[in-house]
Amino acid sequence: MKKFLKHIGLLILALVSVSPLTQAQVLTTPQLLIYEGELLDDTGVPVVGSFTFRFSFWDNGDYEATDVVGGVINAGATDYRGWSEVQTTTTISDGSFSLQMGDVTPFTNGLFDQNNLFLQVEVKNAADPDTAYEFIDINLGDPTDDRKVIASVPFAFNANKLDYKEVGFGAGNIPYLDMA
């Protein structure tokens with residue numbers, strides 16, 4: 001038993017003394033977005049089964065018929081932002097689900113560096129073909145309000161500041177080098 005505990009101690013020591021690069025990676029912002037909800041059928045009853053979700057980002061909130069062609073996202077669509085991901089859930093038993101976007105397909109560089117970004121979500125029974133995806137419309141009453149806007153949470157407004165100081169050259173600002 002003592003021999004086993006000695007090896008556990010060495011393992012713990014090895015885990016504690018990780019390289020600085022590994023430590024820095026652990027402290028960075030997770031590159032995942034949580035998407036959770038409740039999936040209901042047409043009558044409002046929570047669904048049961050295995051479902052496939054397809055997520056994609058777009059420049060505007062209006063879904064157009066040419067955005068998806070033959071069950072496939074049209075990568076040449078004017079408003080497509082170049083990122084999509086497909087995830088199949090394990091069996092949903094009460095309609096509730098939680099998925100981590102970016103877990104299967106990492107987000108592309110600069111994807112969130114813009115003013116207008118909208119999330120499109122589609123879902124289908126996992127066994128059905130890609131042509132069976134159903135668009136999740138966030139506002140059935142408005143034909144131009146289809147996708148969910150991606151907006152900041154209040155504390156994110158401070159993300160480009162350090163201790164609530166602006167970046168710039170004024171008094172109290174954090175100076176930066178313009179390499180342009």
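Over the ring of which residue does the charged end of Lys124 sit? The charged end of Lys124 sits over the ring of Tyr133, 5.5 Å from its centre; the criterion is NZ of Lys or CZ of Arg within 6 Å of the ring centre and within 35 degrees of the ring normal.

## Basis of the model

This is a predicted model, in which local features need pLDDT of at least 70 and side-chain atom pairs count only at pLDDT 80 or more, while totals for chains, interfaces and linings use all residues. Residues are numbered from 1 along each chain as its sequence is written, and side-chain values use heavy atoms, with hydrogens and water left out.

## Overall architecture

The protein chain contains 2 helices and 9 strands, where helices (H or I, at least four residues) and strands (E, at least two) are DSSP runs numbered from the N terminus. Read from the N terminus, the order of elements is α-α-β-β-β-β-β-β-β-β-β.

Of the 180 residues in the protein chain, 24% are buried. Buried denotes under 20% relative accessible area, exposed over 50%, and partly exposed in between (1.4 Å probe, protein chains only). Tyr80, located in strand β5, counts as buried because its relative accessibility is 14%. The C-alpha atoms of Tyr80 and Phe118 are separated by 9.7 Å, although the two residues are 38 residues apart along the chain.

## Charged contacts

Side chains of opposite charge can pair when their charged atoms come close. The structure has 3 salt bridges, each defined by a side-chain nitrogen of Lys or Arg within 4 Å of a carboxyl oxygen of Asp or Glu. One of them joins the side chains of Arg54 and Glu122 at 2.9 Å, N to O. This pair links distant parts of the chain, with Arg54 in strand β2 and Glu122 in strand β7, 68 residues apart. Both Arg54 and Glu122 are buried. The charged end of Arg54 also sits over the ring of Tyr133, 4.0 Å from its centre.

Asp59 and Arg81 form another salt bridge, with the closest N and O atoms 3.6 Å apart. Here Asp59 belongs to the loop between β2 and β3 (68-69) and Arg81 to strand β5 (residues 80-88), 22 residues apart. Asp59 counts as partly exposed because its relative accessibility is 27%, and Arg81 counts as partly exposed at 29%. In the salt bridge between Asp67 and Arg147, the closest N and O atoms are 2.5 Å apart. Asp67 lies in the loop between β2 and β3 and Arg147 in the loop between β8 and β9, so this pair ties together parts that are 80 residues apart in sequence. Asp67 is buried, with a relative accessible area of 3%, and Arg147 counts as buried at 1% relative accessibility.

## Aromatic contacts

There are 11 aromatic pairs in the structure. Rings of Phe, Tyr and Trp (its six-membered ring) pair if their centres lie within 6.5 Å; planes under 30 degrees apart count as stacked, over 60 as edge-to-face and the rest as tilted. Tyr35 and Phe55 form an edge-to-face pair, at 5.2 Å centre to centre and 70 degrees between the planes. The pair links distant parts of the chain, Tyr35 in strand β1 and Phe55 in strand β2 (residues 51-58), 20 residues apart.

Phe55 counts as buried because its relative accessibility is 0%. Tyr35, Phe53, Phe55 and Phe97 form one aromatic cluster.

The largest pocket has a volume of about 800 Å³. A pocket is an open set of points, on a 1 Å grid over the protein atoms alone, where a 1.4 Å probe fits, with protein on both sides within 12 Å along at least five of seven lines; lining residues have an atom within 4 Å of a point. Of the 30 residues that line the largest pocket, Leu33, Phe112, Leu117, Ile150 and Ala151 are the closest to its centre. The elements giving two or more residues to this lining are β1 (33-38), β7 (118-125) and β9 (148-149). The lining of the largest pocket divides into 19 nonpolar, 9 polar and 2 charged residues. Ala, Val, Leu, Ile, Met, Phe, Trp, Tyr, Cys and Pro count as nonpolar, Asp, Glu, Lys and Arg as charged, and the others, Gly among them, as polar.

The second largest pocket has a volume of about 410 Å³. Among its 19 lining residues, the closest to the centre are Leu39, Leu40, Val123, Glu134 and Ile136. Two or more residues of this lining come from each of β1, β7 and β8 (134-135), and β1 gives the most, with 4 residues. The lining of the second largest pocket comprises 10 nonpolar, 2 polar and 7 charged residues.

Conventions. Grid points are joined across faces, edges and corners, and a volume is the space filled by probe spheres set on the points.
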